[in-house]
Amino acid sequence: MNSPLHTRWWYRYKLYHLPFWFVYHYLWWTLTIGSVWAVANNLFFTPYSIKFLFYVIFQALCVYFNLYYLIPRYLAKGRYWWYAGLLLLTMLVTAILIVPGYYVSAWLSGRDFQELYGIPPSHYSYFFQINTFPSTVASTTLGMSLKLAGNWIRSRKREQALEKEKLETELKFLKSQINPHFLFNTINSIFVLIHKNPSMASDALAKFSDLLRHQLYECNDAQIPLQQELDFLANFISLEQLRHDTHVETTITIPTDPTGSLLIAPFILLPFVENAFKHVSQDKEKSNHIRININLAEDTLYLSTSNSTSSRLLNRSSLPPSSGIGLKNVQRRLELIYPDIYKLDLQQEATDFKVSLSILLKQEKQFQKLAV
């Protein structure tokens, strides 16, 4: 629906600035003489209104000349001395141009100048020093302050928008971290099971379908129900176990959310679980293990993972498991989504890599209040 023509003009040409400057000078005059009603009487029923218009018009021109010409052309380009000199010159000229308003007011009203202002008309510099120049400096300073404050607010909004966009990008990237090797290996494992154990293959295929559905459709919100994420992890672990069941001992503990109201950022736990399976040792001469334990204490979620590592891999010049992109990515997400309410500890021991994570989760009602 299109707004009325007068409304569009009101904002397009910044006409709403006019009442602002009127109110500003009205308050300045009030502070000078100490009475709101006296200012109203002087403004509407005496010749002083002409002088008032001189203040409003010329100081507004000074402020906008500074904001839209001097600042972009000189200050923003680092020409500080030029800017300071031209700004001072602009304020001096403005203050000088306002002084004639006193004389015009007396002339149009037919009143004696000294009778109106209590000062002989020859004392031109008095009005400049006491009234017009200090007032011009104050209005210019106010205009710059409001402009800088507005710029800061807009800058903060842009930063927040960029931060939000970055989070969304990181989430999409993290979703893609269920790497193609896992998908291909899972499909191959299911293909083999079809001939060996059709019932198990059918079950694995159903879990694989649920996993993909969650990844593609159910995790597009900033926070999702915790139970959905736990079910996703259970399916992910079951499919990973298809490839490791013969030579890796796995101990898995995944609870259910008793309240059904806890929320969690999607895929915030996955990199730790995936890391355990990805970097578990494959040594035939010793036992290999993966231990994943998740539990809840009121609104706090605790995750601990431990996987055996190969001493041969640690002695190489290649990067250790803890330096993977996935873990660095999720650490960054934890800092952004759960500032000050999470604890993460990564430990690389001689034969084990351990992760300990705790997060204070929000309940659905709390998150809805924050969203509003």
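## Strand pairing and the model

Two strands are counted as paired if DSSP finds at least two bridges between them. The structure discussed here is a predicted model.

## Overall composition

The protein has 372 residues, and buried residues make up 36% of them. Its secondary structure comes to 15 helices and eight strands. Among contacts with a separation of 6 or more, 70% are between residues 24 or more positions apart.

The accessible surface of the protein is about 22100 Å². Carbon and sulfur atoms account for 61% of that surface.

## The five-stranded sheet

Five strands form an open sheet with mixed pairing, in the order β2-β4-β5-β7-β6. The edge positions are held by β2 (249-253) and β6 (342-348); each has a single partner strand, so one side of each is left without a neighbour in the sheet. From one strand to the next, the twist averages 5 degrees. In general, the strands of a sheet pair through backbone hydrogen bonds, in either a parallel or an antiparallel sense.

Helix α12 (residues 270-278) packs on this sheet and touches β2, β4 (289-297), β5 (300-308), β6 and β7. The direction of α12 makes about 165 degrees with that of β4.

## Pairing around β7

Strand β7 (residues 352-360) pairs with β6 in the antiparallel sense over seven bridges. These two strands, β6 and β7, form a hairpin with three residues between them. The pairing of β5 with β7 is antiparallel as well, and it runs over nine bridges.

I359 of β7 is a bridge partner on both sides. Its partner Y342 belongs to β6, which spans residues 342-348. Its other partner, L301, lies in β5, which spans residues 300-308.

## Helix α5

Helix α5 covers residues 80-98, 19 residues in total. From its first C-alpha to its last, α5 reaches 27 Å, close to the 27 Å expected at 1.5 Å a residue.

The buried residues of α5 are Y83, L87, T90, M91, T94, A95 and I98. Viewed down the axis of α5, these residues fall within an arc of 125 degrees, so they line one face of the helix. An α-helix has 3.6 residues a turn, so residues three or four places apart point the same way. On the face of α5 turned away from the buried side are the exposed residues W81 and W82.

## Two loop positions

N220 sits in the loop between α10 (198-218) and β1 (224-225). Exposed means over 50% relative accessible area; N220 is exposed because its value is 52%. The C-alpha atoms of N220 and P266 are separated by 8.1 Å, although the two residues are 46 residues apart along the chain.

S310 is located in the loop between β5 and α13 (311-314). The cut-off for buried is under 20% relative accessible area, and S310, at 5%, is therefore buried. Leaving aside residues up to four places away in sequence, S310 touches S281 and D283. The C-alpha atom of S310 is separated by 7.3 Å from that of Q282, a residue 28 residues apart from S310 along the chain.

How values were computed: Residues numbered from 1 in each chain as written. Predicted model: local features only at pLDDT ≥ 70, side-chain atom pairs only at ≥ 80, totals over all residues. Heavy atoms only, no water. Helix = DSSP H or I, 4+ residues; strand = E, 2+ residues; numbered from the N terminus. Expected span 1.5 Å × (residues − 1). Buried < 20%, exposed > 50% of the residue type's maximum accessible area, 1.4 Å probe, protein only. Arc of directions from axis to C-beta. Contact = heavy atoms within 4.5 Å. Areas by Shrake-Rupley, 256 points an atom, 1.4 Å probe, with all protein chains shown as cover. Axes fitted to C-alpha atoms, helices over the stretch in contact; angles between N-to-C directions.
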